[in-house]
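Let's take a friendly walk through this model, with a few residues and the ligand site as our stops. Keep the structure open beside the text as you read.

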Amino acid sequence: MKNTVVTIQKMKEDGEKISMLTAYDYSTASLIDASGVNMILVGDSLGNVILGYEDTLSVTMEDMIHHSAAVARGAKNVLLVTDMPFMSYQTSVYDAVVNAGRLVKEGRAQAVKLEGGREFCEHIREITKASIPVVAHLGLTPQSLNVFGGFKVQGKSEDAAKRLVEDALAVEEAGAVALVLECVPAKLAALISKKLRIPTIGIGAGAGCDGQVLVYQDMLAMFSDFKPKFVKHFANVGEQMREAFAAYDREVKAGTFPAEEHTYAIGDEVIEKLY
Ligand code: KIV
C-alpha cells in the first residue's frame with residue numbers, strides 16, 4: 001500500500017519506527033520500494049554521491065527534478081520526499097512555493113524537504129497552504145556549511161540545544177509533517193522526538209528518533225570519499241562492484257566473455273551467402 005504523510009503520522013502515534021533511504025534513480029528506487037522501507041528521500045546529497053561535488057551547494061532545481069522524476073517511476077509504495085536545493089527557497093517565500101510546486105508537478109514528489117528552523121516558518125506555511133507537505137531539516141544542515149565552518153555535531157551547548165528545541169516546535173507549528181534531525185546528540189534528539197507530535201527522522205541522531213534515514217551509497221559502502229561516525233555498512237556492495245568490474249575487464253580481454261549463451265544465432269546458410 002502506498003505510504004503517505006498520513007501513514008507516517010500514524011506510525012508515530014502507534015510507536016512504529018519509520019525507515020527512509022535516499023535514492024536518485026529508477027532502478028535503486030524500485031529495489032528500495034520492494035524492501036518494505038517506508039520513505040525515499042531524493043536528497044540534494046546527490047551533489048556528493050551522484051555528481052561528485054564537494055558539497056550540496058551547486059545542486060540545481062533541474063538536477064532535483066530530473067532525479068526525482070526518475071525515482072518517482074520506481075516508487076510505487078514508498079512516500080517520496082524531494083529536497084529543495086540551495087537557493088530554491090532561501091530567496092523568498094514566493095520562490096519557495098513556486099519551486100516546491102515544480103518538485104511536485106515535474107519531479108512527482110509527494111512532499112518537499114527544506115533546511116532551517118524559525119527563519120523558514122513562513123515558507124513552510126505558504127508551501128503547506130499550496131497543498132504540498134513539507135519535511136523540515138534541523139541540526140547539521142549541509143546547505144549552511146559555510147556558516148557552520150564544517151560538518152559538526154549541532155546543539156551541544158545549552159544555548160544551541162534550547163534553540164534546536166524551539167526551532168523544532170516552530171516548524172511543527174508552521175505545518176511541517178516531519179522533521180529530519182542530522183548530527184544531533186542522541187539525548188537531545190530523543191527529547192525533541194517526545195515533544196513533537198510529528199515524526200522525527202534521524203541521521204546521526206540516535207535511536208530515540210521516530211525513524212532513521214541513511215544515504216544508500218553510505219550504507220552499502222559504495223562511497224568512500226568520507227565515512228561519518230553515524231554510518232553503518234549493511235553490505236559491502238562497493239567492494240563487490242569493484243570485483244565485478246575487474247572480472248568483466250579480465251574476461252573481455254581474455255575473450256571468455258561473451259560466451260555462446262550470451263550470443264544470438266543465425267543459420268550458416270545465411271552467413272555463407274555473405275562471403
Ligand atoms: O540530502 C540528503 O541526503 C539529506 C539526508 C542526509 C537527510 O538531506
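F151 is partly exposed, with a relative accessible area of 47%. Please keep in mind that this is a predicted model. Setting aside residues up to four places away in sequence, F151 makes contact with L140, P142 and L145.

Next stop is T141, which is found in the loop between β5 (134-139) and α7 (145-148). Is T141 buried or exposed? T141 counts as buried because its relative accessible area is 7%, under the 20% cut-off. Apart from neighbours within four places in sequence, the residues in contact with T141 are E115, G116 and F148.

Now move on to E172, a residue of helix α8, which spans residues 158-174. Here the relative accessible area is 10%, so E172 also falls under the 20% limit for buried residues. Which residues does E172 touch, not counting those up to four places away in sequence? They are L196, R197 and I198.

Here are the three residues side by side.

| Residue | Relative accessible area | State |
|---|---|---|
| F151 | 47% | partly exposed |
| T141 | 7% | buried |
| E172 | 10% | buried |

Finally, let's visit the ligand. It sits in the largest pocket. The residues around the ligand are T22, L41, G43, D44, S45, D83, K113, H137, V180, E182, I203 and V215. In S45, a side-chain N or O atom is 2.5 Å from an oxygen atom of the ligand. For D44, the distance between a side-chain N or O atom and an oxygen atom of the ligand is 3.0 Å. D83 places a polar side-chain atom 3.1 Å from an oxygen atom of the ligand. How much of the ligand does the protein bury? On its own the ligand exposes 260 Å², and the protein buries 94% of that area.

Conventions
Residues are numbered from 1 along each chain as its sequence is written. This is a predicted model: local features need pLDDT of at least 70, side-chain atom pairs count only at pLDDT 80 or more; totals for chains, interfaces and linings use all residues. Side-chain values use heavy atoms; hydrogens and water are left out. Helices (H or I, at least four residues) and strands (E, at least two) are DSSP runs, numbered from the N terminus. Buried means under 20% relative accessible area, exposed over 50%, partly exposed in between (1.4 Å probe, protein chains only). Contact means heavy atoms within 4.5 Å. A residue is near a molecule or strand if one of its heavy atoms lies within 4 Å of it. A polar contact is a pair of N or O atoms within 3.5 Å; within protein, one must be able to donate a hydrogen and the other to accept it, and residues adjacent in sequence count only if both atoms are side-chain atoms. Accessible areas come from the Shrake-Rupley method with a 1.4 Å probe; for residues, only the protein chains shown count as cover. On a 1 Å grid over the protein atoms alone, a cavity is a set of points where a 1.4 Å probe fits but cannot get out, and a pocket is an open set with protein on both sides within 12 Å along at least five of seven lines; lining residues have an atom within 4 Å of a point. A molecule sits in a cavity or pocket if more than half of its atoms lie within 2 Å of its grid points.
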